[in-house]
There are 6 protein chains.
Amino acid sequence: MKPPVEPLPTLLVEPIVRSALLEDLGRAGDITTTALLPADMRCTGAVVAREPGTIAGTEAAALAFRLVDPSVRVAIGRTDGFTVAAGEPVLHVEGPARAVLAAERVALNLLCHLSGIASATANLVRAVGPYPARIACTRKTTPNLRALEKHAVRAGGGVNHRFGLDDGVLIKDNHLALAGGVREAIARVRGAVGHMVKVEVEVEDLAQLSAALEAGVDAVLLDNMTPAMLREAVQAIGGRVIAEASGRITVDTIQAVAAAGVDLISVGWIIHSAPILDLGLDIDAH
Amino acid sequence: MKPPVEPLPTLLVEPIVRSALLEDLGRAGDITTTALLPADMRCTGAVVAREPGTIAGTEAAALAFRLVDPSVRVAIGRTDGFTVAAGEPVLHVEGPARAVLAAERVALNLLCHLSGIASATANLVRAVGPYPARIACTRKTTPNLRALEKHAVRAGGGVNHRFGLDDGVLIKDNHLALAGGVREAIARVRGAVGHMVKVEVEVEDLAQLSAALEAGVDAVLLDNMTPAMLREAVQAIGGRVIAEASGRITVDTIQAVAAAGVDLISVGWIIHSAPILDLGLDIDAH
Amino acid sequence: MKPPVEPLPTLLVEPIVRSALLEDLGRAGDITTTALLPADMRCTGAVVAREPGTIAGTEAAALAFRLVDPSVRVAIGRTDGFTVAAGEPVLHVEGPARAVLAAERVALNLLCHLSGIASATANLVRAVGPYPARIACTRKTTPNLRALEKHAVRAGGGVNHRFGLDDGVLIKDNHLALAGGVREAIARVRGAVGHMVKVEVEVEDLAQLSAALEAGVDAVLLDNMTPAMLREAVQAIGGRVIAEASGRITVDTIQAVAAAGVDLISVGWIIHSAPILDLGLDIDAH
Amino acid sequence: MKPPVEPLPTLLVEPIVRSALLEDLGRAGDITTTALLPADMRCTGAVVAREPGTIAGTEAAALAFRLVDPSVRVAIGRTDGFTVAAGEPVLHVEGPARAVLAAERVALNLLCHLSGIASATANLVRAVGPYPARIACTRKTTPNLRALEKHAVRAGGGVNHRFGLDDGVLIKDNHLALAGGVREAIARVRGAVGHMVKVEVEVEDLAQLSAALEAGVDAVLLDNMTPAMLREAVQAIGGRVIAEASGRITVDTIQAVAAAGVDLISVGWIIHSAPILDLGLDIDAH
Amino acid sequence: MKPPVEPLPTLLVEPIVRSALLEDLGRAGDITTTALLPADMRCTGAVVAREPGTIAGTEAAALAFRLVDPSVRVAIGRTDGFTVAAGEPVLHVEGPARAVLAAERVALNLLCHLSGIASATANLVRAVGPYPARIACTRKTTPNLRALEKHAVRAGGGVNHRFGLDDGVLIKDNHLALAGGVREAIARVRGAVGHMVKVEVEVEDLAQLSAALEAGVDAVLLDNMTPAMLREAVQAIGGRVIAEASGRITVDTIQAVAAAGVDLISVGWIIHSAPILDLGLDIDAH
Amino acid sequence: MKPPVEPLPTLLVEPIVRSALLEDLGRAGDITTTALLPADMRCTGAVVAREPGTIAGTEAAALAFRLVDPSVRVAIGRTDGFTVAAGEPVLHVEGPARAVLAAERVALNLLCHLSGIASATANLVRAVGPYPARIACTRKTTPNLRALEKHAVRAGGGVNHRFGLDDGVLIKDNHLALAGGVREAIARVRGAVGHMVKVEVEVEDLAQLSAALEAGVDAVLLDNMTPAMLREAVQAIGGRVIAEASGRITVDTIQAVAAAGVDLISVGWIIHSAPILDLGLDIDAH
């Protein structure tokens, strides 16, 4: 069966997990565990959801345990993209007790943060349920965690917008203020970017939208429009280009936005302001 | 006048900002801005608060602009730890328009995230206002951002707990489960760690507390206790060691915790689940 | 006046130049120059073209001199994208003689390699002169130099294809062999990638082309087709999607390919097999 | 049997391959393959020569596959330094299809580039066949690939000149222009460098050669001399020091140079301007 | 049985060993061994103490062999903290002869340096034998080796002082000169640092000591005091805080310092000026 | 005037100093100084020798101050290679007091360590005064500090042996044990290494020496020979190749070794076991 989300390449994830472990181990390692527990004590444990939600970051969390000690065995019970109930185990670990406890915090910091993003995304996906609109994230991400956070959005059923300044053109209000109008901006961009690059322009009213459609873009970002305006915009677009809505959309307002017929709703806060999903490590001594 | 919080060394902050910029610039840089704006166009702009809060991350944000182009001039209007009203400017920038726009997102991602933490902390500091209790963070931080996030807690008026596994001993429930009782655990640790290392133990009831006080620790973490239990615990401690409360404390329950007389209240979510403080860049063309 | 090509962000270029310098300086630095020349000797010099061509890499070369010693002054006489005649100076340097000579080889290695790519590209651009086809590069690049080499292609008047595996979908013969036919492959991809990602498929005959057009793609890669087949293909496409030709195209055959009416001709060897453009450093003592 | 060339330490090669993979995987990995192929699909494939030549870079190419997924099995059929005919397989791979295709381009980029250098070198080695002269490379290498490229020259039967500015003294024309004459330059260097460092000086005529021989060097670089001049120079040297010829030597002129009796002929273009050796990956589905 | 010292996390040690190997391998690897020995030659060897002492660094040394070639098998005969007699083996290695010899120097450089520190520490520990004083190191460490050197001090039976500027407060003479007196300095610090941070102040006479005890600190550093002064100071302290002596203490004077009753004697030279412990690799051919 | 030793390129030194500062600053920076001193307090100070010796590492020490705060001004009073008397200042610093104190320890750790090496070297240079023998170091260096330590040897008047395994051939006893005799070993090496690489062989008696001279080497390492044997060896060599003595040579025995007429005496302990030269920072408040 196809999993809800494809895993990220380990090559991308490992450097982040490794440096997070080094950040926590500091210059002397886990002085509490080393002082308390004999080197040959083993333990089993389970990372358990303390609340219901959607999981992301299991590979990163598993890597945290294994990087501290390759002899720790980790079994992933719920892979990324699956939902859990409160009390359900997500990962099982077995290995040297010192290593398990030394890696615990980094593993959980990654798993809780990414599962928080997946859960916030999944909430919005559910909220727009009957409508075809997809939920997208933005470049409002935590510094140096973008690949993982965008993956968490996919785990929650969302889709990704641009990954950086270099893989798509998005002409926004500040650009328009400096570059002249929509038409002029699109013309300049068209002559400059490669054939594999899509171009999207942010518009705030129907005049701008009309200019954008005439100038030729791949997508329009309908920013801060009311549902009524969105509906008009969608009609004007007529399926010719992708219609994306954005601008302070909440779980309460999102259904109205989706009902307006847009293809995509982008929401920064599913990454930048999602509370963590609470998970904890339950340990059993051997 | 002493600022609300001391700045972090630039040597610590720069690598994070630099790699965040590289993450965003990717392999081709800001293709939108480069296509749209002439290289010699300059602009001024202001990073403005869209809602009231407490600021943190101004040095990191300023560095983002300067690293993209050292000729961008940044003036910090509100240094870290100061509060702002909605609409107030925090940073002023002036320089090549391409550089200002290329750095915008990374600068804001840092500033909004860290100001969100500072604001969440400041809210709790205000909530415990009349009581001597201080607000502390935990090791539940975003991977590879711990130094900045702990700084943001200080900017919000809080204090920092351990920075890693290596700079203090904290014996928690999982340790106790594996190491035997409180007394045994403290004895083992005392013989193993250096004289500059403080030792704290998590206790869940008065019997454990009493064992900890007899065994000799520098601080006790009173975990998941009711205000009534906390009050008893504080009385038992009698000022001999630091009394820290923790465990799912919210802005609604914190005053009752503080009223119990603890010295410190540690709250993980001021870092891991704080929503961003909304700030944006307003640009003027030259 | 708009330059022929926009510069890359220094943040992307500097780490490459810095590590190239460290590779050359080794563990003891430039022992020849240090032994021979007094520390306070200064010199001027010019990087001069030994043959005609198109220049790329001037910023990287200038950075090589400045990173060895920030007091070296470098003036770029021909910025990237301009052509030079044999004997024409491209850069002027002035500064401590030791630093100028220590940086010489790295500066030239970058400049000659990138100018070689720009010149090879420019040759093809000229060869297709009367036709609208643009010259594109591929992912056949030198490891860890992709950003610079793609910039050199732009300097030569070409355009860039994908920068990596992550910023566009290109379904090639090996993919089709494993994934089933064109239709099935496109359908799977369409459901999986974000709205800012373009999809291109490689086709080898008109049946595959027809399947691709029906399934819906943004571009088709017409691989190893004769000019006659290309002409048929272009007609079948009818301007609906981008038509890209590829497959062992040389400077001798490219005009026939362009004459077939394709939008784009991608040629790996302008990067992977371009001979350097010969440039050298002429020094004057002070 | 002794292989034609000794392998490089994996510790030197791995960082280059790893960063080349990260350059290609970007922030989202191989989106084409992930979308198209199920995670559990396996494949076998062969990297096959499309033209005859000398192989180099097999260890690096094998590493590319294994770093993407350690479960990919790679068998090297032709180790570095062996020649192949068109159609001959060089590497066999077997493993998860996604991993094999994700690593393909980086593996080929390394293998084709390095085999191109080995083949260009081998051509010259063959060209000077009857003469004792050896073919040497220079410091005109691709930034950050010097160790691999110098290894490729050895694979082609050539020898290496200096690896950097620090492991040998080479006094060139620019040095002489600034430092005074040959005699003065050699004297200064002799007093400054350690006993394990060889000293070579570039000379352009017999007067300079005579000065160099009197001053005492380990090798002389006879730059841009005609075969007749070279013959005279070799006679003057009389076997006392190493005689190296250089300066715009091509496959057509090299035999005459070798016939003049020099010990060594250094040629920059076997690295900097060698076209790739064309190899491709042929895949079979399971 | 509990080992004399707990091992450091491999995650902390590996980057240091890896870069030390790269420093030694340079750009061409071990040219001597590669030229001399066939790739399939194996050998066994033992790292043997040439003089008696206390061992530290065995994990790092073992890692050096394994990082060069994972097929080298290393058995640690004496783990860190154990003493050896002259002639006793510490490590046994078995594997490809090239790898064993290529790693030899880095392995020994680490092992000899760290064992030198452990041995110097153990000498002082023995010297203060009958007294309760412990031997502590300082921040006078070799750049970028602090974690390993502090571990070596523990291996020798010593304890560690601060690991950096951030994990404890130590107010020294230069601070007092700039900050005003002892009382003022302690007051400022007390209001600024977290509850897990200990505060120590350096005092030079009994008046400063008395001020420090009144102001409240966790430890006092009695700097450059005679044994008689130390005795008085210890009496004044009366066990309330940790009493640490420092200042040009040698193996000849340390017993008198310990006899004065201090808790701790800190000695920088056990790290910064300890001669190596001489160990060598004895090889047997297969 | 020519300085006693040429400076290392800043590009090589800076990464070491930077990571040493980060090692000391940890995750929170200098908490003592930040708490005690106002941000705008400035100070002047001098790094002063506490004992006589030869200085090395001034550039690294100066860089430590400047990297913490570019506004710190550092004047180097005694550059590397000069001798100082006790009490003499070496560096003068002026700048923000916080930065000066935060950088102090790293600056001194570098300067004291490297000056210790320079001083130990200079002692031996003086000891062999009337003889032509030069003092050389070995590859017994501190991991990751080799370039700086070898520079310190030069500052003390010594010369450098190989910088790594790749820039010279040194056939030692372990190699000979595995590779067969001296003659066989030299023959194999001669056929394998480039023309810029010198070859040295370790010999333990006159028979081995004779074999080495016949086989042809650039230098011989006369290991663990008595002065009488050395004298015989030097006579046998007759100035044809470099004669290097090594093996447990001390300041007391070195003059006898030099008197035997060797060209070079290599001594590992001038790097690996040199005690630091004591220097300290004297601060004046503004």
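# Cysteines, chain copies and selected residues

Reader: How many disulfides does the rule count over all chains?
Author: The count rests on a pair of cysteine sulfur atoms lying within 2.5 Å, which is what defines a disulfide here. This is a predicted model, in which local features need pLDDT of at least 70 and side-chain atom pairs count only at pLDDT 80 or more, while totals for chains, interfaces and linings use all residues; side-chain values use heavy atoms, with hydrogens and water left out. Residues are numbered from 1 along each chain as its sequence is written, and chains are lettered from A and ligands numbered from 1 in the order in which they are written. Over all chains, the number of disulfides found by the rule is zero.

Reader: Which cysteine has the sulfur nearest to that of C43(C)?
Author: C43(C) is buried, with a relative accessible area of 0%, where buried means under 20%, exposed over 50% and partly exposed in between, using a 1.4 Å probe and protein chains only. C43(C) takes part in no disulfide, and the nearest cysteine sulfur, 18 Å away, is that of C112(C).

Reader: How far is the sulfur of C137(F) from the closest cysteine sulfur?
Author: C137(F) also counts as buried, at 0% relative accessibility. Its closest cysteine sulfur is in C112(E), and the separation, too far for a bond, is 17 Å.

Reader: How many helices and strands does chain A have?
Author: The elements are DSSP runs numbered from the N terminus, with helices (H or I) of at least four residues and strands (E) of at least two. The C-alpha trace of chain A spans about 70 × 40 × 30 Å along its principal axes, and 63% of its 286 residues are buried. The secondary structure of chain A comes to eleven helices and twelve strands.

Reader: Among the contacts of chain A between residues at least 6 apart in sequence, what percentage joins residues at least 24 apart?
Author: A contact here means heavy atoms within 4.5 Å. Among the contacts of chain A between residues at least 6 apart, the share that joins residues at least 24 apart is 70%.

Reader: What rotation superposes chain A on chain B?
Author: Copies are superposed by least squares on the C-alpha atoms of residues with pLDDT of at least 70 in both. With an RMSD of 0.0 Å and 0.0 Å of shift along the axis, chain A is brought onto chain B by a rotation of 180 degrees. The two copies are thus related as by a two-fold rotation axis. The copies meet through the same surface, because the share of the interface residues of chain A that are also interface residues in chain B is 100%, and the rotation asked for is 180 degrees.

Reader: What percentage of the contact residues of chain D recur in chain C?
Author: Chain D superposes on chain C by a rotation of 180 degrees, with 0.0 Å of shift along its axis and an RMSD of 0.0 Å. The same surface serves both copies, and the share of the contact residues of chain D that recur in chain C is 100%.

Reader: Which residues does A103(F) touch, not counting residues up to four places away in sequence?
Author: A103(F) has its place in helix α4 of chain F and is buried, with a relative accessible area of 0%. The C-alpha atoms of A103(F) and V68(F), 35 residues apart along the chain, are separated by 6.4 Å. Not counting residues up to four places away in sequence, A103(F) touches L21(F), A64(F), F65(F) and V68(F).

Reader: What distance separates the C-alpha atoms of L114(F) and I276(F)?
Author: L114(F) is found in helix α4 (residues 97-127) of chain F and counts as buried at 2% relative accessibility. Leaving aside neighbours within four places in sequence, the contacts of L114(F) are A56(F), G57(F), L148(F), E149(F) and A152(F). L114(F) and I276(F) are 162 residues apart along the chain, and their C-alpha atoms are separated by 7.5 Å.

Reader: Is R248(A) buried or exposed?
Author: R248(A) has its place in the loop between β10 (242-246) and α10 (254-259) of chain A. Its phi is near 55 degrees, a positive value in a residue other than glycine. At 62% relative accessibility, R248(A) counts as exposed.
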